[in-house]
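Hi,

Here is the structure I promised to send over. Have a look at it first, and my notes on what turned up follow below.

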Amino acid sequence: MLFNQYLFIAFFAAVAAGNFALRRFPLAQKLLLIAASFVFFLSWGGADVLLFAAMLAANYPIACAIHAAAGRRRATLAAVAVAGNLAVLAYFKYSNFFIGAVVGALLPPAAVWAPLGLSFYVFHLLSYHVDVHRRLCAPGAFIDYVAYLSFFPHLIAGPIVRCAQLMPQFAAPPSAGRFDWAAGVQLFAIGFFLKCAADLIGAATDADWTSQGVVRLSSADAWATAVLFSCRIFGDFAGYSYMALGMARMLGYALPVNFNAPYLAASFREFWQRWHITLSRFLRDYLYVLALGGNRSGWLRTQLNTLLTMLLGGLWHGANWTFVAWGGLHGLALVVERWLGFDRPAARSWILRAAWFVVVQLTVVLAWVLFRSPDLQTASVMLHKMVLFADWRPLDALHRDALVLVLPVAGYHLARLAGERGLRLHPNAAGALSACLLAFGLVLLTRPTTFLYFEF
């Protein structure tokens, strides 16, 4: 089931009604949500569910042992837990990538299936063990642990929720006042509409991202395709995140915000404070600071740590050199920006801020070309046309007409900008707008497609 399917909407309505009816019976309520989460996951395939269940069962006693231990034994258990989960992720997601990088074409690809949601729930488990080790949270009751990790709004593609953010909410189930139906419907409607717009962009431009399709593009068409993908990746993943937040609100729980108008960012640092916020914070706190040492070892080591963090963050998205290059480009941009002092907007004049905003947003669009391309060769052809204007012709009719699909994403960013300037809609107007977005989304929902981040 997909969030943007009629079947799922009916499924969620039934779960939400049952969840609200059982609000006076906490155990039954948690069991209902756990069962619904496994039914949702099972709709994608039994093998995926079995691996997830095995990971849940194996990790809980280790977390309890970490919590009970002290000193060197505590640190050793935490290291074993982290290494074990990373080994599972590496085997299923990166086996062929690592084999290819080491021995090239000497060995055929291994027959390894890619379990759905593995990257996300492994990151949840990693943060869980590290936070238990650091005494930022306790292992919790087993049923609360299962409810936290299996909660279906964030199960497959995030947001990446830490133990201390969600498990206490299951330990003390929601009272009637925590069911925020109005905000939940509004968030779901925004996400649903953004996802439908993203699907229309995909239908119009997917053929451009092939080795044959990219050759046919003019420089203007290449820019249009890249800008449209920038809107599509935002609409697709922010749409999923808003739908997840909305569903959680309607169920009586709060998930962390995952997107905040990233195309308003005036620096690369700000972009990563607005884009996939929970992943950015995970990489910062667990990889950059804890694993690599952050900025505690001098300027050069700080820049190397930044670059390595972004390279690994890119690799997390998929076993392809295009993702590594995408992460590396963002890492290099962060290093250059810090070297120039442009990561501190207050230190710049408005002219420099405006100029750097343009640089940031153009670089983000160029970087998305690496992210979307199936291989580096296709990306190089597209970038060659975009950067050097190697084949300049006017936009063709298809791409000219498709550019209208940037309007939903542009409208979202303008609304967020107005909100940041203190201009907010009246609640009645916000409710009416949400109803319109939901209605438009339902009308546009002719052929729902899977979310892009399900691939990662």
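Which residues does Ala265 touch, not counting residues up to four places away in sequence? They are Glu270, Phe271, Arg274, Phe357, Val360 and Gln361, where contact means heavy atoms within 4.5 Å.

Before going further, a word on the source: this is a predicted model, so local features need pLDDT of at least 70 and side-chain atom pairs count only at pLDDT 80 or more, while totals for chains, interfaces and linings use all residues. Residues are numbered from 1 along each chain as its sequence is written, and side-chain values use heavy atoms, with hydrogens and water left out.

**Confidence**

The protein chain has a mean pLDDT of 89, and 91% of its residues reach 70 or more; pLDDT is the predictor's confidence in each residue, from 0 to 100. Elements here are DSSP runs numbered from the N terminus: helices are H or I with at least four residues, and strands are E with at least two.

**The loop between helix 11 and helix 12**

Ala265 sits in this loop and is buried, at a relative accessible area of 0%. For that term, buried is under 20% relative accessible area, exposed is over 50%, and partly exposed is in between (1.4 Å probe, protein chains only). Ser175 is 90 residues from Ala265 in sequence and 38 Å from it in space, C-alpha to C-alpha.

Ala261 belongs to the loop between helix 11 and helix 12 too, and it is buried with a relative accessible area of 0%. Most residues other than glycine have a negative phi. Arg135, in the loop between helix 5 and helix 6, is another non-glycine with a positive phi, this one about 60 degrees.

**The core**

The largest nonpolar core has 130 residues, and those with the most contacts inside it are Trp275 and Trp368. Such a core is a set of buried Ala, Val, Leu, Ile, Met, Phe, Trp, Tyr and Cys residues joined through side-chain atoms within 4.5 Å. Helix 11 (residues 219–251) gives the most to this core, with 18 residues. Leaving aside neighbours within four places in sequence, Trp275 is in contact with Trp368 itself, and also with Ile233, Phe234, Asn258, Phe259, Pro262, Tyr263, Ser280 and Tyr453.

**The second largest pocket**

This one holds about 620 Å³ of space. Of its 19 lining residues, Arg269, Arg284, Tyr288, Leu334 and Arg338 are the closest to the centre. The terms work like this: on a 1 Å grid over the protein atoms alone, a pocket is an open set of points where a 1.4 Å probe fits, with protein on both sides within 12 Å along at least five of seven lines, and lining residues have an atom within 4 Å of a point. Points are joined across faces, edges and corners, and the volume is the space filled by probe spheres set on them.

Helix 12 (268–274), helix 13 (277–291), helix 14 (299–316) and helix 15 (321–340) each supply at least two lining residues, with helix 13 giving the most, six. The lining divides into seven nonpolar, six polar and six charged residues. In that count Ala, Val, Leu, Ile, Met, Phe, Trp, Tyr, Cys and Pro are nonpolar, Asp, Glu, Lys and Arg are charged, and the others, Gly among them, are polar.

Asp343 is worth a look as well: it lies in the loop between helix 15 and helix 16, counts as buried at 12% relative accessibility, and touches Arg269, Glu337 and Arg338, not counting residues up to four places away in sequence.

Helix 16 (residues 350–372) holds Arg353, which is partly exposed at 31%. Leu362 lies in helix 16 and is partly exposed at 41%.

Helix 6 (residues 142–150) is mostly covered, with seven of its nine residues buried. Its cover includes helix 2 (26–42), helix 3 (46–68), helix 5 (118–133), helix 7 (152–155) and helix 8 (163–171).

Cheers
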